[in-house]
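Hi everyone, thanks for making time.

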Amino acid sequence: MAIILTETEAKTLLQKVLSYSKADECEVNLLGEQRGNIRYARNEVSTSGGQINQNLTVQSAFGKKVGVASIDEFDDESLQKVVRRSEELAMLAPENPEYMGVLEPQTYGKSNGFFESTANVTPAKRADAVAQSLSQTREKNLVGAGFLEDSRGYNAMMNSKGLFAYYPSTNVNFSLTVRTPDGKGSGYVIRGFSDFKKLNTQTATQIAVQKCLGSAEARALEPGKYTVILEPTAASVLLENIFFSLDARSADEGRSFLSKPGGKTKLGEKIVDERVTIYSDPANPELPASPWSGDGRAQEKTNWIEKGVVKNLAYSRFWAKKKGVKATPFPNNLIMAGGTSSMEAMIKSTKRGILVTKLWYIRSVDPQTLLLTGLTRDGTFFIEDGVIKYPVKNFRFNESPIIMLNNLEELGIPERTVSTESDRNYLIPPMKIREFTFTSLSDAV
Amino acid sequence: MKRREFMQLSGLSLGALALPSGLVMGREVSAEQLLQPGADVAFKKQLADIALNAARSKGATYTDVRIGRYLQQYIFTRETQVQNVTNAESYGVGIRVMANGTWGFAATSDVTPDGIATCAATAVAIAKANSKIQTEPVVLAPQKGVGEVSWKTPLTKNAFEIPVKEKIDLLMNVNGEALKYGAAFVTSNLFFVNEQKYFASTDGSYIDQDIHRIWPTFTVTAIDKAAGKFKTRDAISSPMGMGYEYLDGLASEKIPGPNGLVGYRNSYDMIEDATMAAKQTKEKMTAKSVTPGKYDLVLDPNHLGLTIHESVGHPLELDRVLGYEANYAGTSFATLDKWKSGTFNYGSKLVNIVADKTQPYTLGTVGYDDEGVPCKEWDLIKDGILVNYQAIRDQAAIIGEKESHGCCYADNWNSVQFQRMPNVSLRPGTEKRSVLDMIKGVEKGIYIIGRGSYSIDQQRYNFQFGGQLFYEIKNGELVGMLDDVAYQSNTQEFWNSCAQLCDKDDYRTFGSFFDGKGQPSQVSAVSHGSATTRFNGVNVINTGRKI
C-alpha cells in the first residue's frame with residue numbers, strides 16, 4: 001500500500017477499522033508522510049536520506065473509560081489487533097472525568113496546502129537545488145553549510161458518529177549558513193514554502209553570501225537598549241512563545257503570562273500596541289493549514305490578538321464546557337498583520353538602530369513575564385541616519401515579546417518565514433522595535 | 001526532537017496530552033511485548049554476514065551493520081490523573097558502507113535475508129553516487145576486530161519488568177505528597193529506554209549490547225492567585241544508565257547539604273524530593289529579588305552539569321570545530337590552532353575535564369560505540385590546558401590520533417551514526433572539602449542548585465544560566481532564598497574563575513536525556529559528573545520584569 005493515501009483510500013481504510021470496533025464510541029486518526037533531505041557542510045554534501053512514517057491511532061471508549069493504541073502496520077490483522085488493544089486498555093482504565101465523547105460530523109472550510117511540485121521532488125531535483133547554492137559559495141571562495149528538506153503527507157480521521165476529515169499537505173524548508181574561510185564573517189537565510197516552485201535556492205544563497213561578506217570585521221557596541229529591526233525569522237522565534245501560551249486553562253489556573261491578580265485572565269484586555277493583530281486562518285493562500293484540528297473541531301479564521309487586545313484563548317472541549325464558552329481549538333497556523341513599509345524604507349527611517357538577521361538559542365527565563373534570552377547571529381548590522389553603516393558583534397538579549405510589542409515603532413510587509421527554533425512556518429512582518437534590551441556582548445561569529 | 005520541545009512537554013500544562021513527533025520512535029506495543037526477547041545472537045550474526053557480504057560484492061571497501069531493537073516506556077501524570085502511558089518498539093537494520101572513499105547509508109525494517117541484501121546494495125549505490133561530488137576521500141582510523149563479544153548495562157532491576165501499575169502508584173504518591181505540602185499543580189513523568197543493539201563490521205567485530213536508561217522527573221507549581229504569581233521547581237533527579245533500582249532511594253546514596261537540602265548520588269528518593277520541592281516552591285514565592293552584580297558562585301553538581309555540557313562538552317566536539325554543524329548547532333571557539341598551541345588556558349589550574357564512556361551508572365557508558373570501537377577515558381582539559389577533542393574514526397587522523405575516541409552514536413537503526421558527546425566530567429578536588437566548608441569561605445555569593453534556563457552562543461563563548469534554587473551567601477553562611485537570578489559569562493573567563501572544588505565524597509552526575517544535534521535532528525543521552533565547585537566574581541543579572 002502507498003504511504004500517501006488518497007481521500008477515498010483513507011476513507012475506506014478508516015471505515016474498515018471502525019467496522020472492527022465493539023466500543024461505545026471509537027475515533028481513528030491516520031497519517032502518512034514521506035520526507036527527503038540533503039545536507040551539506042564545508043561546501044560538500046555530507047548526508048542525504050529519506051524518512052517514511054505512517055501511523056494509525058485508535059481511541060475506544062466505554063462510557064468515560066478511554067483507551068488509546070496506535071500501530072504502523074495496516075494489514076487486516078494489525079488493524080484488528082490495534083482496535084482490540086485500545087478496547088482492552090479502555091476496560092482497564094479508570095474513568096476519565098475530562099472525556100467529552102466524540103464529535104458529530106462537522107463542516108470544514110477549504111484550504112489547499114498540497115502542491116504536486118513539492119510532492120514530486122526527486123533526489124536529483126533536490127541535488128540540483130543544492131548545486132545552485134554550492135556553486136556560488138565555491139565560486140566565491142566562501143564556505144557553505146545548508147539543509148534542504150521536503151515533505152508530503154496527509155492526515156485523516158473518522159469516528160463512530162460519522163465524522164470524517166482528510167487533509168493533504170506539502171512543505172519544503174531550506175536553510176543556509178555561509179561563512180568566510182577565516183571565520184570572521186557569517187550570513188544566514190531560511191525559506192519555507194508549501195509549493196516547491198516558489199523556492200529559489202539561487203537568490204536565497206545570494207542573500208546569505210551578501211550577509212556573510214558584509215558581516216566580516218564586526219565592531220563592538222556597548223550592550224544596552226537599542227532600536228532594532230527584526231527580520232521575520234528573528235521576530236518569529238520570539239513571537240511563537242506568545243502563540244504557544246494561548247491556553248485558556250493555564251491562564252484560568254493562574255500559571256500563564258495571561259493570568260492576572262485576583263484569579264482572572266487578561267482576555268479582553270489590551271496587552272500590546274494597538275497595531276498588533278495576530279490571527280489564524282487555515283485558508284490563507286500564503287500559509288495554508290488544515291481546516292480541522294486533531295479532535296475534529298473546525299478551524300475557523302480566529303483573531304487571537306486584535307488591535308492589541310486579547311480576543312480569544314484556546315480551549316480543550318472539556319475546559320470550554322466547564323467555563324461555558326465556545327471550544328476554540330489551538331490554531332494550525334499563525335499570521336501577524338503588517339504594515340506597508342518595505343525593509344529598505346524601515347532602514348531609511350531609522351536614525352540609530354540595529355538590523356537583526358537571526359536570533360539563536362532562545363530560552364524562557366521567566367514564564368510569568370515571557371522573558372526570553374538568546375543571541376543575535378549570522379548578520380547583525382549598525383544603522384545610522386537611514387543607512388547600514390557597519391557590522392556589529394553579536395549581542396545577548398533579555399526581552400519579553402510582550403514588552404517588545406508595546407515598544408513597536410513600525411511594521412513591514414508580512415512574509416512567510418520559518419522559526420529556526422521550532423521549524424514551524426509563519427506569516428510575519430519585519431518589525432522595528434525601540435528599547436530592545438541587549439545585556440552582553442558575544443565574541444561568536 | 002529538540003530539547004526545547006521536550007522541556008515544554010515535561011512541564012506540561014495543556015489539558016490534552018499530545019506527544020510531540022519524534023519523542024516516540026516506532027510502533028506502540030503492549031507492556032508485555034516489551035519483555036519478549038528479540039532475535040537471538042546467532043540469527044543476528046547470520047543476518048549481519050548477509051549485509052557484509054552483499055555490500056562487499058557490490059564494491060564496498062568497508063561495511064558496518066546495526067541490527068537494533070529500541071524499546072521505550074514513558075508515563076505521564078498530572079495531580080491525580082494518568083495522562084498517558086506509551087510503550088513503543090522499533091526494530092530494523094541500518095547499513096553503512098564505504099565505496100570510492102565515500103560514505104553511503106541505508107536502513108530497512110524488512111529484517112529478512114532479502115531485505116537486508118537489498119538495503120546493503122542501496123547503501124553502496126548511494127555511496128557511489130555521492131562519491132561523484134566528493135573531493136576528498138574519507139580516511140578511517142584503524143580498528144582491530146574485537147570478535148564476538150557482548151556488553152550489558154549492569155542493573156539489578158530491569159525497569160521493563162516492573163508492572164506499569166507500580167510505576168503509576170509511585171507517581172501518584174509523588175503527586176500526592178507535593179499537593180499535601182502546598183503545591184497547586186504537579187506533573188510527574190517516568191522515562192525508560194532499552195537499546196538492544198547488534199553491531200557487525202568488516203573489521204571482524206560482532207558486538208551484542210543491551211543498554212538501559214532511566215529518568216524520573218516532575219515539576220511542582222505553586223500559585224498565589226491574589227497576587228497573580230506562580231513559581232515552579234523541577235525534580236533534582238538525574239537521568240542515569242541504570243535500571244529501576246535508581247528509584248530505591250537508598251540513604252547511603254544521599255549527600256546531606258546545608259538548609260536540609262539533599263543531593264542524590266546513584267539512588268533517588270522521588271517522594272522526598274517532591275515533598276521538598278513543594279515546600280521550596282512556596283518559599284520561592286516570597287524570596288528576595290537578587291541585586292545584580294558580581295558574586296562568587298557555589299554550584300551544585302545538579303546545576304554545574306549543564307554548564308559543563310554547554311561550555312565544554314559541545315565546543316570540544318570535533319565535527320563542530322571542523323564546520324560540519326555550522327548551519328544548525330554552530331561551530332566552536334576552541335579551534336584547532338588553540339589546541340595545537342598546547343598552551344590554551346581553557347580554565348584555571350584546578351580545571352581537569354575528562355571524557356569517558358566507562359563511568360558506572362552514567363548515560364554515555366557502553367561497551368562499544370556505534371562503529372565498534374571499545375570505549376575508554378581520555379583527558380580534554382588537563383590542569384586548565386586544552387589537550388584534546390571528541391573524535392570518531394573518520395576524524396581521528398585530523399587531530400593526529402591513531403585510534404577513535406569511540407564517540408559514534410545513532411539514535412535509532414534508521415539514523416546514520418555520527419559524532420556525539422561522551423560523558424564529560426570535572427574531576428573533583430583532591431583536598432578534603434564539603435559543601436559547608438566551601439560556603440564558609442564565601443563572603444558574598446550565591447549557592448545554585450538544579451537545571452534552569454540555559455542559553456549559549458553558536459561558538460560557545462557567551463552563556464546565561466538560571467537554576468531551580470538560589471541561596472544567598474553572606475559572610476560564610478546561607479542567609480535566605482533569592483529569586484530572579486541568572487549568571488552571564490564567557491566560557492574561558494568562567495572556567496578561569498574556578499577557585500575551589502569539593503572532594504570526591506560530593507561527586508555526583510547530572511544528565512541530559514534528550515540532547516539534540518544534527519539535521520534531521522537526532523537525540524542522545526549523556527552524563528556530566530562533578531563535585532560542588534566555586535567560581536569567583538561571576539556577573540549575576542536580575543531577570544525580574546513587569547508586563
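What you see is a predicted model, where local features need pLDDT of at least 70, side-chain atom pairs count only at pLDDT 80 or more, and totals for chains, interfaces and linings use all residues. Residues are numbered from 1 along each chain as its sequence is written, while chains are lettered from A and ligands numbered from 1 in the order in which they are written.

Okay, back to the helices, which are DSSP runs of H or I with at least four residues, just as strands are runs of E with at least two, all numbered from the N terminus. Helix 4 covers residues 123-139 of chain A and helix 5 covers residues 201-215 of chain A; their axes come within 8 Å and cross at roughly 30 degrees. Those axes are lines fitted to C-alpha atoms over the stretch in contact, with angles from 0 to 180 degrees between N-to-C directions.

Who meets whom? On the helix 4 side of chain A we have, among others, Ala129(A), Val130(A) and Gln132(A), and on the helix 5 side of chain A, Thr201(A), Gln202(A), Thr205(A) and Val209(A). Contact here is C-beta atoms, placed from the backbone, within 7 Å. The residues of this contact split into three nonpolar, seven polar and no charged. By class, Ala, Val, Leu, Ile, Met, Phe, Trp, Tyr, Cys and Pro are nonpolar, Asp, Glu, Lys and Arg charged, and the others, Gly among them, polar.

Now the two chains together. The predictor gives the complex an ipTM of 0.94 and a pTM of 0.94. Across the interface, 66 residues of chain A touch 48 residues of chain B. Strand 14 of chain A, residues 352-366, gives the most to chain A's side, with six residues.

Last, chain B. Its mean pLDDT is 92, with 95% of its residues at 70 or more; pLDDT is the predictor's confidence in each residue, from 0 to 100. Over residues 1-22 of chain B, though, the pLDDT is below 50.

Conventions: Contact = placed C-beta atoms within 7 Å.
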